[in-house]
Amino acid sequence: MDLADLPAQGRVVDLGCGTGPALAAFAARFPQAHLTGFDKSQEALETARERLRAHPAAVELTSVDLREKLPLPDGSVDAVISSNLLECLPDPAQLLNEVWRVLRPGGRAVLSHSDFDALVISGAPVGLDRKVGHAFADDSPPWMDSSDGRIGRKLPGLVQASSLARTHVETLVTSSTELSGHAARRVGDIHGALRSTAMRGNGSVGLEEIDEWYSALQQAADAGLFFFAETAVVVAAHRI
Ligand SMILES: C[S@@+](CC[C@H](N)C(=O)[O-])C[C@H]1O[C@@H](n2cnc3c(N)ncnc32)[C@H](O)[C@@H]1O
């Protein structure tokens with residue numbers, strides 16, 4: 001939020017807003033801000049609507065395919081934010097050009113993405129750990145139009161190559177010694193995603209290996225030997 005530098009009554013647009021956690025954080029800090037969220041999932045937008053119902057200023061949550069042109073006029077937005085969306089798009093550079101178009105001169109973009117090929121998860125035997133880690137980074141579930149598990153590390157370069165002026169790059173690491181909270185959700189995502197892929201007859205790990213990996217992590221957690229770290233790359237830029 002600090003990097004977005006939003007004026008009190010400014011307009012912030014969240015691309016791939018999902019269920020709206022980032023917009024909810026903006027709502028709490030900027031009660032007069034105009035909040036816009038775009039996502040293709042109607043279900044996620046419905047949850048975001050519930051979450052933002054009490055926001056006293058304008059809220060627009062719209063189903064948009066972010067592979068297309070953004071439904072916003074040129075120079076109409078003070079800040080664009082986006083977290084963990086770009087890997088789903090076949091042409092992320094096209095969306096960055098759209099971000100430039102809709103920002104007013106001086107407007108900020110704050111883009112972040114986890115690098116799924118750089119997850120650190122300790123608890124399973126090394127061969128299985130590497131196999132499952134790489135399979136998840138390369139997994140391409142049906143709800144994603146595209147997938148690039150290494151987009152986190154590419155994000156600074158993508159922004160640098162766009163029309164936006166890159167001003168800031170940092171990493172945020174979420175780590176845990178407990179199989180709870182974010183770590184449990186991510187481990188559960190990996191387990192669920194790779195099981196679904198295996199059940200469709202795809203992927204490089206079998207159902208038994210995925211379940212073996214999952215049980216090994218649970219046993220490690222019970223013995224106090226589990227560790228998890230996820231790195232997100234955050235890039236801020238503005239329109240000159
Ligand atoms: C991993 S979620 C991230 C959600 C949210 N930004 C967050 O950090 O919690 C990715 C989101 O991008 C959306 N998405 C993926 N491809 C899309 C597309 N082509 N157009 C619009 N939304 C898309 C999905 O529906 C999903 O809500």
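Which residue in β3 stands opposite Thr-36? The legends below take up this residue and further sites.

**View 1. Parallel pairing of β2 and β3 in the predicted model.** Glu-60 of β3 is the residue opposite Thr-36. Strands β2 (residues 34-39) and β3 (residues 59-63) run parallel and share five bridges; strands pair if DSSP finds at least two bridges between them. Helices (H or I, at least four residues) and strands (E, at least two) are DSSP runs, numbered from the N terminus. This is a predicted model, in which local features need pLDDT of at least 70 and side-chain atom pairs count only at pLDDT 80 or more, while totals for chains, interfaces and linings use all residues. Residues are numbered from 1 along each chain as its sequence is written, and side-chain values use heavy atoms, leaving out hydrogens and water.

View 2. His-113 counts as buried because its relative accessibility is 1% (buried: under 20% relative accessible area, 1.4 Å probe, protein chains only). Its side chain reaches the backbone nitrogen of Glu-87 at 3.2 Å.

**View 3. Aromatic pairs.** The whole structure contains two such pairs (ring centres within 6.5 Å; planes under 30 degrees apart are stacked, over 60 edge-to-face, the rest tilted). Phe-26 and Phe-30 are stacked, because their ring centres are 5.9 Å apart and their planes lie at 25°. Phe-116 and Phe-136, with centres 5.7 Å apart and planes at 85°, are therefore edge-to-face. Both Phe-116 and Phe-136 are buried.

**View 4. Arg-239 and Trp-100.** The charged end of Arg-239 sits over the Trp-100 ring, 4.0 Å from its centre (criterion: NZ of Lys or CZ of Arg within 6 Å of the ring centre and within 35 degrees of the ring normal).

Methods: Buried means under 20% relative accessible area, exposed over 50%, partly exposed in between (1.4 Å probe, protein chains only). A polar contact is a pair of N or O atoms within 3.5 Å; within protein, one must be able to donate a hydrogen and the other to accept it, and residues adjacent in sequence count only if both atoms are side-chain atoms. Rings of Phe, Tyr and Trp (its six-membered ring) pair if their centres lie within 6.5 Å; planes under 30 degrees apart count as stacked, over 60 as edge-to-face and the rest as tilted.
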